[in-house]
Amino acid sequence: MDIDLVLVPVDGSDRSEQAAAYATAIAERYDAGLHLLFVLDERLRRDLDKGTVDAESVAQDHREFTRRVRERSHELGHDVTLDTSTATAFSQKRLLQNPGSVVLDVAEDIDAEFLVIPRAASSDDAVGRAALYVLEYASQPVLSV
């Protein structure tokens, strides 16, 4: 299998951190890059738009998560190139946009060859809810953890 880029959608949860650890190991094994996709759920996006949540604090949380993933990778002796991006899981303008379609759209946009996705812990978990959709519709190999 030829893998140049592994995509892992994350939300800052412990499950996301575990999925990122698996994605890092896969990226290391195939000498591939790693891309963390921070998926913003509908409530967080709405709160950011209203100004009830500070965008800088969300950005800081994403930087801290990325730092932890990078640090853990180095502790395990992995030397993986790491990139990040952010996407909103839902849209009132695009009714077909959902967490799973967002993950697959980004995977296509960045030419990811492998996906690692955390499973849902609750019905409020946008990244986890994407897992079933991604497993069903992804053209790339997917590991669900």
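Colleague: Where is D4 found?
Modeller: D4 sits in the segment before β1, the strand spanning 5-10. Keep in mind that this is a predicted model.

Colleague: And how exposed is D4?
Modeller: D4 counts as partly exposed, because its relative accessibility is 48%, and that class runs between 20% and 50%.

Colleague: OK, switching to V80. Where does V80 lie?
Modeller: In the loop between α3 (55-75) and β3 (82-88).

Colleague: Is V80 buried or exposed, and why?
Modeller: V80 is buried, since its relative accessible area is 14% and the cut-off for buried is under 20%.

Colleague: What is V80 in contact with, leaving aside neighbours within four places in sequence?
Modeller: V80 contacts T24, A27, E28, A32, G33, L34 and S73.

Colleague: You mentioned E28. What separates the C-alpha atoms of V80 and E28?
Modeller: They are 6.0 Å from each other, although V80 and E28 are 52 residues apart along the chain.

Colleague: New topic: S144. Which strand is S144 in?
Modeller: S144 belongs to strand β5, which covers residues 142-144.

Colleague: So is S144 buried or exposed?
Modeller: S144 counts as buried, because its relative accessibility is 15%, with buried meaning under 20%.

Colleague: What does S144 touch, leaving aside neighbours within four places in sequence?
Modeller: S144 is in contact with I117, R119, A131 and L135.

How values were computed
Residues are numbered from 1 along each chain as its sequence is written. This is a predicted model: local features need pLDDT of at least 70, side-chain atom pairs count only at pLDDT 80 or more; totals for chains, interfaces and linings use all residues. Side-chain values use heavy atoms; hydrogens and water are left out. Helices (H or I, at least four residues) and strands (E, at least two) are DSSP runs, numbered from the N terminus. Buried means under 20% relative accessible area, exposed over 50%, partly exposed in between (1.4 Å probe, protein chains only). Contact means heavy atoms within 4.5 Å.
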